[in-house]
Amino acid sequence: MSQFKSQDHEYMSRAITLAKRGKYTTTPNPNVGCVIVKDGEIVGEGAHLKAGEGHAEVHALKQAGAKAAGATAYVTLEPCSHYGRTPPCAKGLIDAGISKVVAAMVDPNPQVAGRGLAMLEAAGIETAFGLLEPQARALNNGFLKRMEQGLPFVTCKLAASIDGKTALNNGQSKWITSDAARLDVQHHRAQSCVVLSGADTVIVDNARLNVREALLEDCDYPQSELRQPVRAIIDSQNRLTPDLALFSITSPVIIFRRTIDNSKDWPYFVEQVVVPEINGKLDLRAVLSTLAEKQHNYVWLEAGATLAGVMHERGLIDEYIVYLAPKIIGSGSGLFNTVPLQSMAQIPELVFDDVRPVGPDLKITATKEK
């Protein structure tokens, strides 16, 4: 029999809902929610809204006040035990007189990793964990992958006609999908730490790759206070030039290449990073590892068929989001350029996690088969 009751599930579900409030602003920290319950009543709740500001437990304890004494705290992630930009939440729970802490999961961050629960237990507080853990992990798949594998979570965005074409033979591609689909993309960009693309896309489309028109009505902060995602570009042949629209926006750009290009006058917010090669191409795993070292949890891949194809072949994509327009193009460009496979058994299996309409288009979310 489970140690958790139906009420426990309700309170943790509420904490998970609260955690989603920080989806645009907590990076590089995880999204966390907290609910404090006493005598069957929620007396305090909170979410971690922005890196450097109070954690979820801090907000919940402040709301609970004196009622926190003897109460139970439901937290989507193990309370931290170390001093960072804010004091340890485990200590705050102890000082408030909390009697029990239920965590959805143990924090994989080496700075925590069970130490928060141990600190609580040493203070005489009852602890439990594992309640709605799959849902809690889904809140922070980027943070968790960075902590557990040293890589960010990569989502590959694709847009095509229902026959899988991304452009006409002459290169025209604006616009295959609808305004609604493009607005949805802006929301995904806003939640990402990095927008990753290739030099071809930047040059051909003169792309800015920034968050332009997202109506973030579910955000606790005005859009003017939100950070733009870092724009990371694979430019192995040093083809980018400072006059491109990409550089017209004062926001960090990382260019990954074989050699540093000091022949051009780059804006101050541009960083050039040299990465090794594999079979004559830049090592894309090294690119992702570098982004993880810079504390980036989520990478939104918006690229042409060549870069998307290589990322797919090397198993570096965690999630595929495909927008299909109700159009048939016929002869045209496809989604991926990959090495031809020799048998059906070589095809990697995906799972459809979500399928929904977005305006007149269809949005499909797929992940690797587990």
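The model is predicted, so to speak of local features a pLDDT of at least 70 is needed, side-chain atom pairs count only at pLDDT 80 or more, and totals for chains, interfaces and linings use all residues. Residues are numbered from 1 along each chain as its sequence is written, and side-chain values use heavy atoms, with hydrogens and water left out.

In the unreviewed UniProt entry, the annotation "binding site" covers His-55, Cys-80 and Cys-89; such annotations may be inferred rather than shown by experiment, and their positions follow the numbering used here, with feature names shortened. The three span 35 residues in sequence, yet no two of their C-alpha atoms are more than 9.3 Å apart, so they gather at one spot.

His-55 sits in the loop between strand E2 (41-47) and helix H2 (56-64), while Cys-89 belongs to helix H3 (residues 89-95). Helices (H or I, at least four residues) and strands (E, at least two) are DSSP runs, numbered from the N terminus. His-55 counts as buried because its relative accessibility is 19%, and Cys-89 counts as buried at 3%. Buried means under 20% relative accessible area, exposed over 50%, and partly exposed in between (1.4 Å probe, protein chains only). Beyond its neighbours within four places in sequence, Cys-89 is in contact with His-55, Glu-57, Pro-79 and Cys-80 (contact means heavy atoms within 4.5 Å).

Then there are the cores: sets of buried Ala, Val, Leu, Ile, Met, Phe, Trp, Tyr and Cys residues joined through side-chain atoms within 4.5 Å. The largest nonpolar core has 43 residues, and Ala-73 is one of those touching the most other members. Helix H1 (residues 6-19) gives this core its largest share, six residues.
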